Amino acid sequence: AKAIEAKKQEELKKEEEKKEEKTTTTTTDYETYVGILEIPKINFSKGFYRKESSLNNVKFNIKILDSSNYPNEEKGNTIIIGHSGNYSNSYFALLYQLEVGDTATITYENKKYHYKIVNIYDDTKDGTVTIYRDESKTCLTLITCTKDDETKQTIYILELENVE
């Protein structure tokens, strides 16, 4: 009887292993990033998804706003938001270290868009943001919560320098 019980246990164990194998070998189709934002000064590199993607969400990643343009749109404004703070999704936690003159790059559709910060300012955190930029230039706007001030958000305005 003990031998039969041991055999049953062994069969159950094998079935469990097969189930585990199935769950670990299941593949998921992950979306690929539509672009990559890089900020050398703070050693930042993070991809972002197309606007329509469910992964284009500030809870999980940096987010390109729906009202935003993509980098290849002349005189457009690519607006990317991200959390700051001390959480796993606080991708913009080090933005406060940036200054006017610092640079960022977006890789998009096999081209590199090089930007330079021309203005940094705060705005009240109330669900809206006023973007002050030169509309005759192609821009990148980065928005995050202001460090150590939960009532404000900081806006970084960057202008396109060149494309390679």
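This is a predicted model: local features need pLDDT of at least 70, side-chain atom pairs count only at pLDDT 80 or more; totals for chains, interfaces and linings use all residues.
Reader: In what order do the strands of the open sheet lie?
Author: Strands are DSSP runs (E, at least two residues), numbered from the N terminus, and two of them pair if DSSP finds at least two bridges between them. Here eight strands form an open sheet with mixed pairing, in the order S2-S1-S5-S6-S8-S7-S4-S3. Strand S2 (44-48) and strand S3 (63-64) are its edge strands, each pairing on one side only.

Reader: How many bridges join S5 to S6?
Author: Strand S5 (residues 103-108) and strand S6 (residues 111-124) run antiparallel and are joined by six bridges. Ile106 has Tyr113 in S6 as its bridge partner.

Reader: How is empty space found?
Author: A probe the size of a water molecule, rolled over the atoms, shows where empty space is left. A pocket is an open set of points on a 1 Å grid over the protein atoms alone, where a 1.4 Å probe fits, with protein on both sides within 12 Å along at least five of seven lines; lining residues have an atom within 4 Å of a point. The largest pocket holds about 420 Å³ of space. Its lining has 20 residues, with Ser84, Gly85, Thr146, Lys147 and Asp148 closest to the centre.

Note on methods. Residues are numbered from 1 along each chain as its sequence is written. Side-chain values use heavy atoms; hydrogens and water are left out. Helices (H or I, at least four residues) and strands (E, at least two) are DSSP runs, numbered from the N terminus. Grid points are joined across faces, edges and corners, and a volume is the space filled by probe spheres set on the points.
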